[in-house]
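Here is a short briefing for a reader new to this structure. Please look at the sequence and the model first, then read on by topic.

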Amino acid sequence: ALLATVLGELRVPRLGRGRARTRPDAVIADRAYSAGTYRRALHARGIKVVIPEKSDEITARRRRGARGGRPRTLDSTAYRGRNVIERHFALTKQWRGLATRYDKLAVTYRAAVILAACITWSRI
């Protein structure tokens, strides 16, 4: 349900004319998000899934033999780019208020996230 909410609120403005993009080319995530519900939701919207399989999923698929299906493909070059996002989260967590979520209102927390992103962007 949360993935659908996030994807529903996604808006990326175009540089020129035209309406904003609402569908990313791909979603890159770690093994925690390799569940079938996430994959089906992304495939239904035509979004490329770049999520490695968990080791227990691989074992279960192999145990089933031919009925287990083919292994899922993984774009390893795109997955290597995930470290950029992880480093940004580590940088954001240096803001104590964001890391511990002191704010009571979601709008205040979102404002702090946007402020942190603007300050980080201005330093680059």
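UniProt positions are given in the numbering used here, feature names are shortened, and annotations may be inferred rather than shown by experiment. The UniProt annotation in question, from an unreviewed entry, reads "domain: Transposase IS4-like" and covers residues 20-120. The model is predicted: local features need pLDDT of at least 70, side-chain atom pairs count only at pLDDT 80 or more, and totals for chains, interfaces and linings use all residues. Residues are numbered from 1 along each chain as its sequence is written, and side-chain values use heavy atoms, with hydrogens and water left out.

**The annotated span**

- Helices (H or I, at least four residues) and strands (E, at least two) are DSSP runs, numbered from the N terminus.
- Residues 20-120 are 54% helix and 6% strand.

**The largest pocket**

- A cavity, by contrast, is a set of points where the 1.4 Å probe fits but cannot get out.
- Lining residues have an atom within 4 Å of a point.
- Grid points are joined across faces, edges and corners, and a volume is the space filled by probe spheres set on the points.
- The largest pocket holds about 1600 Å³ of space.
- Its lining counts 32 residues, and Val6, Ile28, Tyr33, Ile85 and Phe89 lie nearest the centre.
- Two or more lining residues come from each of α1 (2-8), β1 (26-28), α2 (36-44), α5 (82-92), α6 (96-100) and α7 (106-123).
- Helix α5 gives the most, six residues.
- For residue classes, Ala, Val, Leu, Ile, Met, Phe, Trp, Tyr, Cys and Pro count as nonpolar, Asp, Glu, Lys and Arg as charged, and the others, Gly among them, as polar.
- This lining has 22 nonpolar, four polar and six charged residues.

**The second largest pocket**

- The second largest pocket has a volume of about 160 Å³.
- Gly36, Arg39, Arg40, His43, Val49, Arg72 and Thr73 form its lining.
- Helix α2 gives the most to this lining, four residues.
- The classes here are one nonpolar, three polar and three charged.

**Salt bridges**

- Side chains of opposite charge can pair when their charged atoms come close.
- A salt bridge is a side-chain nitrogen of Lys or Arg within 4 Å of a carboxyl oxygen of Asp or Glu.
- The whole structure has six salt bridges.
- One of them joins Asp25 and Arg21, at 2.9 Å from N to O.
- Relative accessible area sets the exposure terms: buried is under 20%, exposed is over 50%, and partly exposed is in between (1.4 Å probe, protein chains only).
- Asp25 is exposed at 58%, while Arg21 is partly exposed at 28%.

- Arg82 lies in helix α5 and is buried, at 18% relative accessibility.
- Asp30 and Arg82 form a salt bridge, 3.8 Å from N to O.
- Asp30 sits in the loop between β1 and α2 and Arg82 in helix α5, so this pair ties together parts that are 52 residues apart in sequence.
- Arg82 also forms a salt bridge with Glu86, with the closest N and O atoms 3.2 Å apart.
- Arg82 and Glu86 are both in helix α5, four residues apart, about one turn of the helix.
- Shared partners join Asp30, Arg82 and Glu86 into one network of salt bridges.
- Asp30 is partly exposed at 27%, and Glu86 is partly exposed at 39%.
- Contact means heavy atoms within 4.5 Å.
- Beyond its neighbours within four places in sequence, Arg82 is in contact with Ile28, Ala29 and Asp30.

**Two loop residues**

- Ser34 lies in the loop between β1 and α2 and is buried, at 1% relative accessibility.
- Leaving aside neighbours within four places in sequence, Ser34 has contacts that include Arg39, Ile51, Pro52 and Arg72.
- Arg101 lies in the loop between α6 and α7 and is partly exposed, at 43%.
- With neighbours within four places in sequence set aside, Arg101 is in contact with Ala106 and Tyr109.

Technical notes
1 Å grid on protein atoms, 1.4 Å probe; cavity = no way out; pocket = protein on both sides within 12 Å on 5 of 7 lines; lining within 4 Å.
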